[in-house]
Amino acid sequence: MEGPSSRPDTQGEPLAPANKTTSVGDGEANLSRDTKTHFRVCRFIMETGVKLGMRSVPVATACVLYHNFMKRVSICAYEPYLVAMSCVYLAGKVEEQHIRTRDIINVSHRYFNSGSAPLECDKEFWDLRDSVVQCELLILRQLNFHVSYEHPHKYLLHYLLSVKSLVNRHAWSRCPVAETSWALLRDSYHGAMCIRHMPQHIAIATLYLALNSYGVELPVGEKQWWQVLCEDVTKADIDAVISDLLQLYDMEAKCI
């Protein structure tokens, strides 16, 4: 299987070895390279999750597990795609949507080897399965077993229902505000912004950006609509989330 290494402590092909002697310029280049790697790995998590029939919240949990783990370790020490496979496996347990390791391995194998047959249950398969399980234990220890997260999804659902009641139903039906908000939320998990910002703030910001994108205006009162829905969010918080999100879209263009 090309892609994930069979050992959790080895470095795979998607990642070049880091140079031990680095200048400021090299450090920035490494940071940019690492950010691109994380983006691609989270895209792998999302596509794998879809093929495995995972719900949106377990996939989100897998991405958060990945970002939290990688924040604590050196990317050069671990094969990121193997870590991602273990995050998918662990997220299924956390969110009570158990996924078999064999299914994760076969879907990942096809991801890197399009059109190939499933792996045989030979030594390569069992070595890789052992690596996924061992890496899961490593993630749990590194995160001190804090693997249950609050996601923006429930907040966004509540905010959408509240905003929909304030908008003319014909205007709402013409503009895919809800669909765009959910798409923006999903995309936010490609980067570490999903662990930098509060879930309520991410939900408000994605809705804010979707409304502005389609020019949908809400009734003006004593407070802004987003202050009514989330008392502790500020315009600066919204702008910070949107800025991070736009940087992710810029990163996406560079990763194509």
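Colleague: Where does Phe 145 lie?

Modeller: Phe 145 is in the loop between H5 and H6. Helices here are DSSP runs of H or I with at least four residues, strands are E runs of at least two, and numbering starts at the N terminus. This is a predicted model, so local features need pLDDT of at least 70 and side-chain atom pairs count only at pLDDT 80 or more, while totals for chains, interfaces and linings use all residues. Residues are numbered from 1 along each chain as its sequence is written, and side-chain values use heavy atoms, with hydrogens and water left out.

Colleague: Why is Phe 145 called exposed?

Modeller: Its relative accessible area is 55%. Exposed means over 50%, buried under 20%, and partly exposed in between (1.4 Å probe, protein chains only). Phe 145 is therefore exposed.

Colleague: What makes the phi of Phe 145 worth a remark?

Modeller: Phi is near 65°, a positive value in a residue other than glycine. Asn 144 also has a positive phi, about 55°, and is not a glycine. Asn 144 is found in the loop between H5 and H6 (153-164).

Colleague: How do you know that Asn 144 is exposed?

Modeller: Its relative accessible area is 53%. That is over the exposed cut-off, so the label holds.

Colleague: Why are H4 and H5 called roughly perpendicular?

Modeller: The axes of H4 (residues 101-112) and H5 (residues 123-142) cross at roughly 110° and come within 10 Å. Axes are lines fitted to C-alpha atoms, for helices over the stretch in contact, and angles run from 0 to 180 degrees between N-to-C directions. Under 35 degrees is roughly parallel, over 145 roughly antiparallel, 65 to 115 roughly perpendicular, and the rest oblique. H4 and H5 are therefore roughly perpendicular.

Colleague: Which residues of H4 and H5 meet?

Modeller: Thr 101, Arg 102 and Ile 105 in H4 meet Phe 125, Leu 128 and Arg 129 in H5. Contact means heavy atoms within 4.5 Å. These residues divide into three nonpolar, one polar and two charged. Ala, Val, Leu, Ile, Met, Phe, Trp, Tyr, Cys and Pro count as nonpolar, Asp, Glu, Lys and Arg as charged, and the others, Gly among them, as polar.

Colleague: What makes H6 and H8 roughly antiparallel?

Modeller: H6 and H8 (residues 177-188) pack at about 165°, with axes 11 Å apart. H6 and H8 are therefore roughly antiparallel. The crossing is right-handed. His 153, Leu 156, Leu 157 and Leu 160 of H6 make the contact with Val 177, Ala 178, Ser 181, Trp 182 and Leu 185 of H8.

Colleague: Why is Gln 200 called buried?

Modeller: Gln 200 has a relative accessible area of 17%, so it also falls under the limit. Gln 200 lies in H10 (residues 199-213). Beyond four places in sequence, Gln 200 touches Tyr 155, Tyr 159 and Cys 230.

Colleague: Why is Lys 235 called partly exposed?

Modeller: Its relative accessible area is 33%. Lys 235 lies in H12 (residues 235-255). Setting aside neighbours within four places in sequence, Lys 235 is in contact with Tyr 208 and Trp 226.

Colleague: What makes a set of residues a nonpolar core?

Modeller: Its members are buried Ala, Val, Leu, Ile, Met, Phe, Trp, Tyr and Cys residues joined through side-chain atoms within 4.5 Å. The largest such core has 81 residues, and Ile 45, Val 83, Val 177, Leu 207 and Trp 225 have the most contacts inside it. H3 (residues 80-94) gives the largest share, 10 residues.

Conventions
A crossing is left-handed if the near helix is turned anticlockwise from the far one by less than a right angle, and right-handed if clockwise.
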